[in-house]
Amino acid sequence: MFHSYLFGRIKIDDYMNDIRIKLESEIEGMSDAELNQDLNEMCDYFVEKHRIDVPVLKEEYTADAPLDNPYARSVKLKCYIPFEGDAKLFDVAATSHPVICTPCQVEGQHLTVEVEVHLEYPDLFRDEMRQFITTVNDGLNTLREQTLRWAKHIPEWATQTINKRKTALTRQEQFQQRLSELVPLRRRDDGTEKIIVPVQRKPAPLPPAMKSPMEPELPISSYDDILNIIQAMVHVFERSPTVFKQMGEEDLRTILLVALNGLYEGGATGETFNGTGKTDILIRHEDRNVFIAECLMWTGEATLRSKMDDQLFKYAMWRDSKLALLVFNRNKNFTDVINKMRSTVHGHPQCVASLPFEHMSGARYVFNRKDDAQRQFTLTCLAFDVPQ
């Protein structure tokens with residue numbers, strides 16, 4: 001059997017089912033206020049968010065210059081074919097697709113392919129490239145047709161999940177009310193109470209009076225309260241390793257959102273547009289952001305620095321003053337990860353000073369904004385050892 005370099009790793013049914021799972025997880029993390037928005041607008045939002053952008057190859061390709069070898073009868077050229085669309089879709093297989101045996105791979109927004117050019121027949125190279133691009137585009141066109149048919153079900157999935165969650169919340173509220181009439185309920189004090197949806201939820205923690213209309217400020221007590229909720233949820237990860245060991249960064253983030261939405265009404269969202277990108281966790285009250293966090297799986301100092309510079313610091317707007325980095329570790333040496341995390345964050349050129357913060361696997365710092373040295377923000381980094 002031939003090995004196909006494209007269209008082989010993921011079946012389209014599995015790919016679309018994964019989208020459905022993500023959509024349902026996001027709706028499960030929505031607050032009462034978000035669930036009561038206009039249903040059609042919410043469906044339009046999910047259709048746009050999960051829009052499937054199948055790539056299209058262009059014919060304007062380039063190639064690396066071959067190595068000089070006057071005795072060679074042929075040379076291998078590495079060609080770069082630009083494309084528009086989502087690179088991940090090259091791994092998705094439609095129900096019927098071409099088998100691509102020519103060695104190729106995705107590099108950024110280019111599909112690279114190695115083609116052997118015989119010096120006696122150079123014109124055949126152009127024909128071979130044209131045929132390759134046509135074959136790949138044919139496979140992408142089939143994939144596009146099938147994903148469009150699948151995407152028509154997204155509003156139906158969203159509507160069913162929203163109605164199901166509304167029914168569950170109503171049933172839970174009725175049960176809590178009936179239970180409270182039968183027996184006085186005591187609150188838990190083992191830390192787990194922080195991740196259970198309380199009967200009376202509180203608004204996102206903006207202070208009643210701010211320094212000025214231009215500078216909304218999240219109190220440090222509320223800042224720590226949010227971080228404590230996150231830590232309590234991660235303790236649940238640790239206590240139930242078999243449940244969470246297969247979850248990636250995005251899935252763990254969604255679980256944290258559920259806990260935060262249980263505490264702050266209408267507050268926590270995932271992948272919410274803010275600044276120049278999309279944040280992992282954002283708590284917003286009315287038109288103000290009061291908390292911004294980015295999550296990452298630990299793969300080294302370079303990834304952490306990139307998460308800070310390319311995402312968190314870019315996403316935070318001028319008024320945002322309370323930020324957090326949540327580092328999930330699945331390596332063996334957790335102590336080494338903590339030390340490297342602290343040294344990387346503390347060694348950042350925008351870091352001004354350390355702040356008192358009693359936490360075995362965390363640290364807190366004051367940072368200057370890169371675009372405004374007179375404007376500062378607080379950054380807390382927390383590392384968590386999650387199950388492998």
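Which backbone nitrogen does a side-chain oxygen of Asp38 reach at the start of α3? The close-ups below take that up first, and everything shown comes from a predicted model.

**View 1. The start of helix α3.** It's the backbone nitrogen of Asn40: a side-chain oxygen of Asp38 comes to within 3.1 Å of that atom. The helix itself covers residues 39-49.

View 2. Look for Met42, Cys43 and Phe46 here, the residues of α3 that are buried. Down the helix axis, the buried residues sit inside an arc of 100 degrees, so they line one face of α3. Turned away from that buried side is a face with Asn40, Glu41 and Asp44, which are exposed. Asn40 shows up again, then: its backbone nitrogen is the atom that Asp38 reaches in View 1.

**View 3. Helix α1 passing helix α4.** Here α1 (residues 12-28) meets α4 (residues 123-151), with axes that come within 11 Å and cross at roughly 35 degrees. The crossing is right-handed. On the α1 side, the contact is made by Ile12, Asp13 and Met16, while α4 puts in Leu143, Gln146, Thr147, Trp150 and Ala151. Sorted by class, that's 5 nonpolar, 2 polar and 1 charged residues.

View 4. Val236 belongs to helix α6, which spans residues 220-239. Its relative accessible area is 17%, and under 20% counts as buried, so Val236 is buried.

Methods
Residues are numbered from 1 along each chain as its sequence is written. This is a predicted model: local features need pLDDT of at least 70, side-chain atom pairs count only at pLDDT 80 or more; totals for chains, interfaces and linings use all residues. Side-chain values use heavy atoms; hydrogens and water are left out. Axes are lines fitted to C-alpha atoms, for helices over the stretch in contact, and angles run from 0 to 180 degrees between N-to-C directions. Helices (H or I, at least four residues) and strands (E, at least two) are DSSP runs, numbered from the N terminus. A crossing is left-handed if the near helix is turned anticlockwise from the far one by less than a right angle, and right-handed if clockwise. Contact means heavy atoms within 4.5 Å. Ala, Val, Leu, Ile, Met, Phe, Trp, Tyr, Cys and Pro count as nonpolar, Asp, Glu, Lys and Arg as charged, and the others, Gly among them, as polar. Buried means under 20% relative accessible area, exposed over 50%, partly exposed in between (1.4 Å probe, protein chains only). The arc is that of the directions from the helix axis to the C-beta atoms. A polar contact is a pair of N or O atoms within 3.5 Å; within protein, one must be able to donate a hydrogen and the other to accept it, and residues adjacent in sequence count only if both atoms are side-chain atoms.
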